[in-house]
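Let's take a friendly walk through the inside of this protein. Have the viewer ready, and keep the residue numbering to hand.

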Amino acid sequence: MGVFERFEKRIEGAVNGVFARAFKGDVQPVEIAARLQRELDAEAKLMSRDRRLVPNEFVVGLSQHDHDKLAPYSKTLSEELAGELKSHASEMGYVFNGPIMIHLQLDESLPIGRFTVESDAVAGVEADRSQLDTAAIHRSQLVLEVNGMRHALQPPGLVIGRGTDADLRINDPGISRLHAEIRVSGSGSTLHIDIVDLGSTNGIIVNGQRVRQATLTEGSRIEIGSTRMLVHAPAGR
């Protein structure tokens, strides 16, 4: 029995066989599983001799009919699909940036039985509580946005890295344990912000240029590993 046959048996059992009865002729969960596996293979990016980075967030576009059929079972389906992707990644030496996320999204332009897949490698991000404090973000002249999360840029700044000693911890294999430091000095309109490489393996890129140190202003774009960041003013300022 192949991997996708095993998957089909498990997922049918998880919802009491409803997939086998309800989805004949429609988009099958096993088809989505196979397409997601191919997405990993197609998007794998070489990191080292035996490790390749692959996407961990997927958006599956479905027709109105197929979305209505699958959406009630999205939690179970996502869990089973994620399990299959982890198994395949382990066999192939693939590395995920963060937790696997699979979203079912309505696409009214699709006909019944057709679906699309979009993927991205999105790093898991953790920060100490002071960097996530809503009031601190509102008071800040500028914030650092990483994967949809905003972090206050206030003196003295913060250290970015993959290790537990970093203020902003990012689960990206391309990021060193202590990768870079954003140094903030001054106050109000005289705030001065710099980013400094802390001797990282892969370096930092600011506004498309590889640098060891750079001044950051509103609109500055930072790339560390496979993670992109943006400096901007908080909404409402």
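## A residue to begin with

Leaving aside its neighbours within four places in sequence, which residues is Ile182 in contact with? In this predicted model, Ile182 touches Leu144, Leu153, Pro156, Gly157 and Leu158, and also Ile160, Ile193, Asp194, Ile195 and Leu216.

## The nonpolar cores

Ile182 belongs to the largest nonpolar core, which has 26 residues. Together with Leu144 and Ile195, Ile182 is among those with the most contacts inside this core. At least two residues each come from β8 (143-146), β10 (157-161), β11 (168-171), β12 (180-185), β13 (192-197), β14, β17 and β18. The strand that gives the most is β12, with three residues.

## The largest pocket

Now for the open space. The largest pocket has a volume of about 840 Å³. Its lining is made of 34 residues, of which Leu53, Asp172, Gly225, Ser226 and Thr227 are the closest to the pocket centre. Two or more lining residues come from each of β1 (45-48), β2 (51-54), β6 (115-120), β14 (204-206), β17 (221-224) and β18 (227-232). The largest share is that of β1, with four residues.

## Where the two regions meet

Definitions and conventions: Residues are numbered from 1 along each chain as its sequence is written. This is a predicted model: local features need pLDDT of at least 70, side-chain atom pairs count only at pLDDT 80 or more; totals for chains, interfaces and linings use all residues. Side-chain values use heavy atoms; hydrogens and water are left out. On a 1 Å grid over the protein atoms alone, a cavity is a set of points where a 1.4 Å probe fits but cannot get out, and a pocket is an open set with protein on both sides within 12 Å along at least five of seven lines; lining residues have an atom within 4 Å of a point. Grid points are joined across faces, edges and corners, and a volume is the space filled by probe spheres set on the points. A nonpolar core is a set of buried Ala, Val, Leu, Ile, Met, Phe, Trp, Tyr and Cys residues joined through side-chain atoms within 4.5 Å. Buried means under 20% relative accessible area, exposed over 50%, partly exposed in between (1.4 Å probe, protein chains only). Contact means heavy atoms within 4.5 Å.
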